[in-house]
Amino acid sequence: MKFFLDTAKVEKIREFAQLGVVDGVTTNPTLIAKEGRDFQEIVKEICEIVEGPVSVEVTALDTEGMVREAREFSKLADNIVVKIPMTREGIKAVNILSKEGIKTNVTLIFSPNQGLIAAKAGATYISPFVGRLDDNGHVGMDVVGEIVTIFKNYNIETEIIVASIRHPRHVVEAAKLGAHIATIPFEVLEKMFYHPLTEKGLEIFMRDWENYLKNR
Ligand code: G3P
C-alpha cells in the first residue's frame, strides 16, 4: 500500500520523506490556504521533496477553467496530478485531460457510482472521503470496499486514494480492503509509529542492559 501525506506543510513533508514513508502528497484549497504562502511556491517546494505524485486542486468550477488551470499546474513539475471535483463539469475536464496525458485525481467521491463515472472518464486516481462519510452517519469504509470490488471486477486501472482519514484504524481498514493508497494527515501518520508496549519494551531492555553492565 502506498502512503501519501495529506498536507501542504512543507516541513512535515520533508520530515516524513526522510523516513522513507512518503510515496506522494495530496493537497486541497483548504490545506494550501492554511499555509498562508504563495500557492506556486508551496507546490514547487513539495514537488522537489517528493518524487511521487503531488495532487494540486483546481478552483475553477467550469470545464474550460479547470482544463486551463490543469495545463498550468502540469507545467510546474513532472509529478503534478490535477485534483478535479466530482461534478459534471469536472468529469468533462477529466475526459479532456486524460487524452492529453495529464494525470487527474477526482476528489469529493462519496459513492461507488461517482467512483465508476470518474474512472470511465479516465481519472488516474479517485479519492473517496471516508471521514466525512463517517461524520454524516455513514460507514465510509463500506464505500471504499464497494469501489475496490467493482474496480477488481472490471480490471479498472484507476487507483483508489482513501482520503479524509481521521485515525490510524482508517489506514488499517483501507489496507485490509486492498485500496491502493491512503492519504494520511501527518498527525495520524505520527500516531501510526507508536505503541505503548514498544516504549515499555525498550525501557525494560535498556534497564536490564544497564544492570548487566553494572554487575559484570
Ligand atoms: O484532501 C482531501 C481530504 O483528505 C480532506 O480530509 O479531514 O478535510 O475531511 P478532511
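**Ligand site and pocket**

Me: Which side chain has an N or O atom 3.1 Å from an oxygen atom of the ligand?
Reply: This is a predicted model, where local features need pLDDT of at least 70, side-chain atom pairs pLDDT 80 or more, and totals for chains, interfaces and linings use all residues. Numbering runs from 1 along each chain as its sequence is written, and side-chain values use heavy atoms, without hydrogens or water. A polar contact is a pair of N or O atoms within 3.5 Å. The side chain at 3.1 Å is that of N28.

Me: How far is a polar side-chain atom of D6 from an oxygen atom of the ligand?
Reply: R132 also has a side-chain N or O atom by a ligand oxygen, at 2.6 Å. For D6, the distance is 2.5 Å.

Me: How much of the ligand's exposed area does the protein bury?
Reply: Areas come from the Shrake-Rupley method with a 1.4 Å probe. Alone, the ligand exposes 310 Å². The protein buries 81%.

Me: Which element gives the most to the lining of the largest pocket?
Reply: A pocket is an open set of points on a 1 Å grid where a 1.4 Å probe fits, with protein on both sides within 12 Å along at least five of seven lines; lining residues have an atom within 4 Å of a point. The ligand takes up this space, about 430 Å³. Both α2 (29-35) and α10 (186-192) give two or more residues. With four residues, the top contributor is α2.

Technical notes
A polar contact is a pair of N or O atoms within 3.5 Å; within protein, one must be able to donate a hydrogen and the other to accept it, and residues adjacent in sequence count only if both atoms are side-chain atoms. A molecule sits in a cavity or pocket if more than half of its atoms lie within 2 Å of its grid points. Grid points are joined across faces, edges and corners, and a volume is the space filled by probe spheres set on the points.
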